[in-house]
Amino acid sequence: MDDRQIVELYWERSESAISETADKYGRYCHCISYNILHSNADAEECVNDTYLGAWNAMPPHRPSQLATFLGKITRNLSLNRFKQYTAQKRGLGQTELALSELENCVPAAGGVDEATDEMVLIESLNTFLSHLPKIKRQIFVRRYWFLSSIKDISEEYSMSESKVTSMLFRIRADLKLHLEKEGIIL
């Protein structure tokens with residue numbers, strides 16, 4: 001079943017929307033959540049909550065890219081759960097490390113004009129990523145969107161861990177310069 005048909009099932013309030021979503025995107029969402037939480041049980045809960053989030057969002061929202069829509073819900077739910085764990089002093093390591101790597105080049109949320117600032121940041125980040133070579137863009141996204149470990153990335157792209165680490169370091173430095181040129185204050 002294609003994405004348009006699945007979205008239509010949500011709009012019709014058909015319970016088969018959930019099973020069709022699970023069949024097509026369950027593994028994708030689980031992978032996103034597991035990379036953040038490192039727990040199958042917690043990832044499974046977040047994936048189930050993703051289906052509920054999609055059910056509650058459609059209608060009125062009609063996503064044009066269902067995979068991206070579901071991935072964003074899963075990622076946000078997983079990051080919220082991760083924050084709960086860290087607040088309870090149950091640090092999970094890899095996720096916190098990946099997020100901290102971006103601290104010096106991406107401004108923190110919470111300003112007065114947060115929504116506008118976020119839109120400008122997203123546009124600038126998309127521009128930056130669109131100018132990266134494909135392999136660098138893929139590695140950046142794997143690390144900072146999917147929160148994959150350096151080890152997993154190095155294995156997938158047949159590179160040493162030190163090469164991946166140095167590549168990400170250079171990309172972050174370039175990103176910081178790009179954002180500064182765009183007038184985005186860190």
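Tyrosine 144 is found in helix 7. The model is a predicted one, and in it this residue has a relative accessibility of 6% and therefore counts as buried, the cut-off being under 20% relative accessible area.

The surroundings of tyrosine 144 lead on to a helix pair. Helix 7 and helix 9 pack with their axes 10 Å apart and at an angle of about 95°, which makes helix 7 roughly perpendicular to helix 9, since angles of 65 to 115 degrees are counted in that way. On the side of helix 7 the contact is made by Lys136, Ile139, Phe140, Arg143 and Tyr144, and on the side of helix 9 by Val164, Met167, Leu168, Ile171, Arg172 and Leu175. Sorted by class, the contact of helix 7 with helix 9 has eight nonpolar and three charged residues, and no polar ones.

Several of these names return in the largest nonpolar core, which has 18 residues, and in which Phe128, Ile139, Phe140, Met159, Val164, Leu168 and Ile171 are the residues with the most contacts inside it. Two or more residues are given to this core by each of helix 6 (114–130), helix 7 (134–144), helix 8 (150–156) and helix 9 (161–181), and the largest share, six residues, comes from helix 9. Phenylalanine 128, when its neighbours within four places in sequence are left aside, is in contact with Ile171, Asp174, Leu175 and His178. Apart from this core lies another, of 16 residues, among them Leu9, Cys29, Val47 and Phe69.

The place of glutamate 161 is in helix 9, and its relative accessible area of 42% is the reason why it is classed as partly exposed. Not counting residues up to four places away in sequence, glutamate 161 touches Ile150, Lys151 and Ser154. Glutamate 161 and serine 149 are 12 residues apart in sequence, and their C-alpha atoms are 9.7 Å apart in space.

What does threonine 50 touch, not counting residues up to four places away in sequence? Threonine 50, which lies in helix 3 (residues 40–57), touches Cys29, Leu70, Ile73, Thr74 and Leu77. With a relative accessibility of 0%, threonine 50 counts as buried.

Threonine 50 also takes part in the packing of helix 3 against helix 2. In general, two packed helices are described by the distance between their axes together with the angle between them. For helix 2 and helix 3 the axes are 8 Å apart and the angle is about 135°, and the two helices are therefore oblique to each other. Helix 2 passes helix 3 in a right-handed crossing. Helix 2 makes this contact through Ile18, Thr21, Ala22, Gly26, Cys29, His30, Ser33, Tyr34 and Leu37, while helix 3 contributes Asn40, Asp42, Ala43, Glu44, Cys46, Val47, Thr50, Tyr51 and Trp55. The residues of the contact of helix 2 with helix 3 divide into 10 nonpolar, six polar and two charged.

Helix 2 has a further partner in helix 1. Helix 1 (residues 3–11) and helix 2 (residues 16–37) pack with their axes 8 Å apart, at an angle of about 150°, and they are therefore roughly antiparallel to each other, a description that applies to angles over 145 degrees. Helix 1 passes helix 2 in a left-handed crossing. Asp3, Ile6, Leu9 and Tyr10 of helix 1 make the contact with Ser16, Ala17, Ile18, Glu20, Thr21, Lys24 and Tyr25 of helix 2. By class, the contact of helix 1 with helix 2 has six nonpolar, two polar and three charged residues.

It remains to set these parts within the whole chain. The secondary structure of the protein comes to nine helices and zero strands. Of the 186 residues of the protein, 38% count as buried. Among the contacts in the protein with a separation of 6 or more, 62% are accounted for by residues 24 or more positions apart.

Note on methods
Residues are numbered from 1 along each chain as its sequence is written. This is a predicted model: local features need pLDDT of at least 70, side-chain atom pairs count only at pLDDT 80 or more; totals for chains, interfaces and linings use all residues. Side-chain values use heavy atoms; hydrogens and water are left out. Axes are lines fitted to C-alpha atoms, for helices over the stretch in contact, and angles run from 0 to 180 degrees between N-to-C directions. Helices (H or I, at least four residues) and strands (E, at least two) are DSSP runs, numbered from the N terminus. Angles under 35 degrees count as roughly parallel, over 145 as roughly antiparallel, 65 to 115 as roughly perpendicular and the rest as oblique. A crossing is left-handed if the near helix is turned anticlockwise from the far one by less than a right angle, and right-handed if clockwise. Contact means heavy atoms within 4.5 Å. Ala, Val, Leu, Ile, Met, Phe, Trp, Tyr, Cys and Pro count as nonpolar, Asp, Glu, Lys and Arg as charged, and the others, Gly among them, as polar. A nonpolar core is a set of buried Ala, Val, Leu, Ile, Met, Phe, Trp, Tyr and Cys residues joined through side-chain atoms within 4.5 Å. Buried means under 20% relative accessible area, exposed over 50%, partly exposed in between (1.4 Å probe, protein chains only).
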